[in-house]
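Colleague: Please take one part of this model and go through it closely, residue by residue where that helps. Give the cut-off behind each term as you use it.

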Amino acid sequence: MDDLDRQILDILRRDSRTPYTEIADEVGTSEGTVRNRVERMLDDDVIERFTISTRTGNVQAMLEISVAVDVDTKGVSERMAEWDEVDFVWMVSGEQDVVLVVDAADTRGVNDLITKARDQEEVVSTKTRLILDEELG
């Protein structure tokens, strides 16, 4: 990955629907070069997926989850990623092992998800943070 790839990724992070022609103008190259680079980054798994950010009026939160030391964190993360309200699952370092970014209809939905997480036998503890606002870079 070089500087041009990083510039293209920065633009796509802000808006993954940005047309290749606009990206090309912004980074000073051709549309074909942008297209080829994006396709290569997709093939090389540098870009895993394109996603959207929504303003649903729902309650968004981060559930920070600690699991037992002898637990396969990846397996727990993959299972939790299947839950309807979960937008992202991050395996992290630090006090917690897994962070779920969730989008629930209301605080009851967040609380239900906390209970669901705590009901998992591998889960030792949880910590929840409500997301108040989001700024896209």
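Modeller: Two strands count as paired if DSSP finds at least two bridges between them. Strands themselves are DSSP runs of E with at least two residues, helices are runs of H or I with at least four, and both are numbered from the N terminus. This is a predicted model, in which local features need pLDDT of at least 70 and side-chain atom pairs count only at pLDDT 80 or more, while totals for chains, interfaces and linings use all residues. Residues are numbered from 1 along each chain as its sequence is written, and side-chain values use heavy atoms, with hydrogens and water left out.

Strand 2 is joined to strand 3 (residues 98–104) by five bridges, the two running antiparallel. Within that pair, Val89 has Leu100 of strand 3 as its bridge partner.

Ser77 belongs to helix 4 (residues 73–81). Contact means heavy atoms within 4.5 Å; leaving aside neighbours within four places in sequence, Ser77 makes contacts with Val89, Met91 and Val98. Its relative accessible area is 5%, so Ser77 counts as buried. Buried means under 20%, exposed over 50% and partly exposed in between, with a 1.4 Å probe and protein chains only.

A nonpolar core is a set of buried Ala, Val, Leu, Ile, Met, Phe, Trp, Tyr and Cys residues joined through side-chain atoms within 4.5 Å. The largest one has 19 residues, and Leu63, Ile65, Met80, Trp83, Leu100, Val102 and Val110 touch the most other members. Strand 1, helix 4, strand 3 and helix 5 (107–118) each give two or more residues to this core. Strand 1 gives the most, five residues. Leu63 has contacts, beyond four places in sequence, with Val98, Val99, Leu100, Val102, Val110, Leu113, Ile114, Lys127 and Thr128. A separate core of twelve residues includes Leu12, Ala24, Val34 and Met41.

Arg118 is in helix 5 and has 52% relative accessibility, so it counts as exposed. Not counting residues up to four places away in sequence, Arg118 touches Val123 and Thr126.

For context, the chain is assigned domain 1 (1–42) and domain 2 (57–128), the bounds coming from an automatic or database domain assignment. Taken over C-alpha atoms, the two domain centres are 33 Å apart.
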